[in-house]
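Colleague: I would like to learn how to read the packing in a model. Can we go through one together?

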Amino acid sequence: MTGDRLTKATVAECALRLADAEGVEAVTIRRLAKEQGVTPMALYWHFKNKDELLLGIVDHALATVRADPAAGDPWQKRLRTVFEAVVAVMREHPALPTLLHAVDKTQTESFSRATNDTLALLSDAGFTVEEGYWIATHLLNAAMGLVAGEPGWCPPGMASEDAAEWRRQKRLRMSLLPADRFPMMIEYAASVGDVPDVDRYYAFCVDLIIAGVEAMAASR
């Protein structure tokens, strides 16, 4: 990447890929300059410091999360669409939860736009703005939790070829629990060694979470 092609978006994208691969702590102006083949001063033209850079990464990562409050679909469908978009971006970028905790995300255009649109459609559902913000916050945290709890999860840095053995050992440990105290855990252990159906997991959990919001709205 030469200096004349460097843009704010390309810097943010490079930083996001680096954070996903090596962790947020690996993202520095100097490291990014090296990755882009430019001097650090070229990056300061777009981001004055690391704090601005981290905000820029979050803004870039959430750019695809949209909830159009003027769309003709019912609010339930629009809420599901925006929640699925948040889950998708979390799955694609494992560094994003750490980044969201590291910055004031309300300073980014993408987060503020998505939240504002979500509040508008939750208002259509009969919630107050304050309640809508609680729900929006819950959905964001739920998306992080779904990705963190994805079945088949293995310790960081574990090679994919070692995952099957890791699951086998985990299944064995669970199956050796006292049967009189943990019968359901032992029953569940039988599935731990299998390759998980990740898409079914996410579809089920999205249904679960959205159904909770729908049920609360219907009870009003």
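Colleague: Which residues does Leu-99 touch, not counting residues up to four places away in sequence?

Modeller: Contact here means heavy atoms within 4.5 Å. By that rule Leu-99 touches Leu-16, Val-24, Leu-54, Ile-57 and Val-58. A word on provenance: this is a predicted model, where local features need pLDDT of at least 70, side-chain atom pairs count only at pLDDT 80 or more, and totals for chains, interfaces and linings use all residues. Residues are numbered from 1 along each chain as its sequence is written, and side-chain values use heavy atoms, with hydrogens and water left out.

Colleague: How many helices and strands does the protein chain have?

Modeller: Elements are DSSP runs, numbered from the N terminus: helices are H or I with at least four residues, strands are E with at least two. The protein chain has eleven helices and zero strands. Its C-alpha atoms fill a box of roughly 65 × 50 × 25 Å along the principal axes.

Colleague: What share of the contacts with a separation of 6 or more comes from residues 24 or more positions apart?

Modeller: In the protein chain, such pairs account for 69% of those contacts.

Colleague: What share of the residues is buried?

Modeller: Buried means under 20% relative accessible area, exposed over 50%, and partly exposed in between, with a 1.4 Å probe and protein chains only. Buried residues make up 38% of the 220 residues in the protein chain.

Colleague: Which residues touch the most other members of the largest nonpolar core?

Modeller: A nonpolar core is a set of buried Ala, Val, Leu, Ile, Met, Phe, Trp, Tyr and Cys residues joined through side-chain atoms within 4.5 Å. The largest one has 60 residues, and Leu-32, Leu-53, Leu-79, Phe-83 and Leu-99 touch the most other members. Several helices each supply at least two residues of this core, among them α1 (8-22), α5 (75-92) and α7 (109-124). α11 gives the most, with nine residues.

Colleague: Is Phe-83 buried or exposed?

Modeller: Phe-83 lies in helix α5. It has 1% relative accessibility, so it counts as buried. Leaving out residues up to four places away in sequence, Phe-83 touches Leu-139, Ala-142, Ala-143, Leu-146, Val-206, Ile-209 and Ile-210. Its C-alpha atom is separated by 9.1 Å from that of Ala-67, 16 residues apart along the chain.

Colleague: At what angle do α5 and α11 pack?

Modeller: Axes are lines fitted to C-alpha atoms, for helices over the stretch in contact, and angles run from 0 to 180 degrees between N-to-C directions. α5 and α11 pack at about 140°, with axes 10 Å apart. α5 is therefore oblique to α11. The classes are: under 35 degrees roughly parallel, over 145 roughly antiparallel, 65 to 115 roughly perpendicular, the rest oblique. The contact residues include Trp-75, Leu-79 and Phe-83 of α5 and Tyr-202, Val-206 and Ile-210 of α11.

Colleague: How do the axes of α5 and α7 cross?

Modeller: They come within 9 Å and cross at roughly 155°. That makes α5 roughly antiparallel to α7. Trp-75, Arg-78, Leu-79 and Val-82 of α5 meet Thr-118, Leu-121, Leu-122 and Asp-124 of α7.

Colleague: Which residues is Thr-118 in contact with, leaving aside its neighbours within four places in sequence?

Modeller: Thr-118 is in contact with Ala-67, Leu-79, Val-82 and Ala-136. Thr-118 lies in helix α7 and is buried, with a relative accessible area of 7%.
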